[in-house]
Amino acid sequence: MLRQVLTRLEQADALDGASDRLQAAVTATVRPRTLRDLLHGTWIGHPLHPVLVQVPVGAFLSAAVLDLGRSRSTGRAATALIGAGLAGVAPAVIAGLVDWSEMTRDRRRVGLVHAAANTIAAGLYATSLVARLAGRVTRGKALAYAGLSVAGAGAFLGGHLSYAQGAGISHAAPEVTRLPDDWTVAGSLASFPDGKPAARRVGDTAVLFFRQGDRVTAMIERCSHEGGPLSEGEVADGCVVCPWHGSAFRLTDGAVMHGPAGNDQPVLPVRVRDGMVEVRHP
């Protein structure tokens, strides 16, 4: 039953109107590339949203535990934690929306409901905080537990979005495990164009090579963001730019320089031996 609900949610095109309008608003509001890169987490080589959500989630869960106590001190501590959690909501929401705006339509449908659930949860916690400050502790606790329940449902959808639909994960990482452990010939050095990206299959994996004279670098060809073909992208300022969404990865070490990718691109050991280019599993 639960799986059926999730499948229907992924296919719920009735959500597309609201999703498209919100996507356009986010894109129009968060325009500077530097700001988008900051919110995507390109500067740490890891999506930023999962890091930021630890503040409200941790604070709200801790408050729930303290609310089981009866002393005034635990009540005051729970109130302070809810305030801290609410303060951490906005940064997490903004980073999440920027990531969401770059997702495929089926993922945005689930993400929209995920965001709606978390918005309701934040509203319940804000109401709980007001009740507590007004001395209505029992009401405040009830609202907080309701908020935690709704937030749990939102977290479940977030997990489905990441682990079942592959949003935010590195689509290049699984490719690394399929590479041979031993040095494997990808082709002769002369067969690779100088100064242009080129893809070759090594075992079952597509690998991107970039040759400059006798020096060759290699990385997984499938973009970590959405699996785009990096070999069809342009090379600029020492980076290969994905033709699908514009993520830029440094050729020397795979570091993501511009989003929407939040993960680095896996690079591979490469050597030139007897005029042949060889790579292997890292």
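Trainee: How many helices and strands are there in the chain?

Mentor: The chain has ten helices and ten strands. Keep in mind as we go that this is a predicted model. Along the principal axes, the C-alpha atoms fill a box of roughly 80 × 40 × 40 Å.

Trainee: What share of the 282 residues is buried?

Mentor: Buried residues make up 43% of the 282 in the chain. Another overall figure concerns contacts with a separation of 6 or more: residues 24 or more positions apart account for 60% of them.

Trainee: Let's turn to helix packing. What describes two packed helices?

Mentor: Two packed helices are described by the angle between their axes and by the distance between those axes. Take H5 (residues 54-66) and H6 (residues 72-87) here: their axes lie 8 Å apart, and the packing angle is about 160°. The two helices are therefore roughly antiparallel to each other, since angles over 145 degrees are put in that class. Their crossing is left-handed.

Trainee: Which residues make the contact between H5 and H6?

Mentor: From H5 come Val-55, Pro-56, Ala-59, Phe-60, Ser-62, Ala-63 and Leu-66. H6 contributes Thr-74, Ala-77, Ala-78, Leu-81, Ile-82, Ala-84, Gly-85 and Leu-86. By class, the contact holds twelve nonpolar residues, three polar ones and no charged ones.

Trainee: Thr-74 is on that list. What does Thr-74 touch, leaving aside residues up to four places away in sequence?

Mentor: Thr-74, which sits in helix H6, touches Leu-66 and Gly-69.

Trainee: At what angle do H8 and H9 cross?

Mentor: H8 (residues 105-133) and H9 (residues 137-164) cross at roughly 165°, and their axes come within 8 Å. That makes H8 roughly antiparallel to H9. H8 passes H9 in a left-handed crossing. The residues of this contact divide into 17 nonpolar, ten polar and four charged.

Trainee: Is Arg-109 buried or exposed?

Mentor: Arg-109, in helix H8, has 12% relative accessibility, so this arginine counts as buried; the cut-off is under 20%. Beyond residues up to four places away in sequence, Arg-109 touches Leu-9, Glu-10, Gln-11, Ala-12, Asp-13, Leu-15 and Asp-16.

Trainee: Now the strands. Through what do the strands of a sheet pair?

Mentor: They pair through backbone hydrogen bonds, either parallel or antiparallel.

Trainee: What does E3 form with E4?

Mentor: E3 and E4 also form a hairpin, with two residues between them, and here Gly-213 in the turn has a positive phi of about 65°. E4 (residues 215-220) pairs with E3 in the antiparallel sense over six bridges, and Gln-212 stands opposite Arg-215 in E4. As for burial, seven of the eight residues of E3 (residues 205-212) are buried, so this strand is largely enclosed by the rest of the structure.

Trainee: In what order do the strands of the open sheet come?

Mentor: The order is E5-E6-E7-E8, with antiparallel pairing across the four strands. E5 (234-236) and E8 (256-258) stand at the edges, and each has a single partner strand, so one side of each lacks a neighbour in the sheet. Ignoring direction, neighbouring strands are turned by 35° against each other on average. E7 (residues 248-250) pairs with E8 over two bridges, and the bridge partner of Phe-249 in E8 is Val-256.

Trainee: To finish, some backbone details. Which peptide bond is cis?

Mentor: The bond from Gly-259 to Pro-260 is cis, with omega near 20°. Pro-260 is found in the loop between E8 and E9 (270-273).

Trainee: And where is Asp-237?

Mentor: Asp-237 is in the loop between E5 and E6 (239-241). Its phi is near 55°, a positive value in a residue other than glycine. Asp-237 is exposed, with a relative accessible area of 81%. Asp-274, in the loop between E9 and E10 (276-279), likewise has a positive phi near 55° and is exposed, at 75% relative accessible area.

Key: Residues numbered from 1 in each chain as written. Predicted model: local features only at pLDDT ≥ 70, side-chain atom pairs only at ≥ 80, totals over all residues. Heavy atoms only, no water. Axes fitted to C-alpha atoms, helices over the stretch in contact; angles between N-to-C directions. Parallel < 35°, antiparallel > 145°, perpendicular 65-115°, else oblique. Left-handed = near helix turned anticlockwise from the far one by under 90°. Contact = heavy atoms within 4.5 Å. Nonpolar A, V, L, I, M, F, W, Y, C, P; charged D, E, K, R; others polar. Buried < 20%, exposed > 50% of the residue type's maximum accessible area, 1.4 Å probe, protein only. Pairing = 2+ DSSP bridges.
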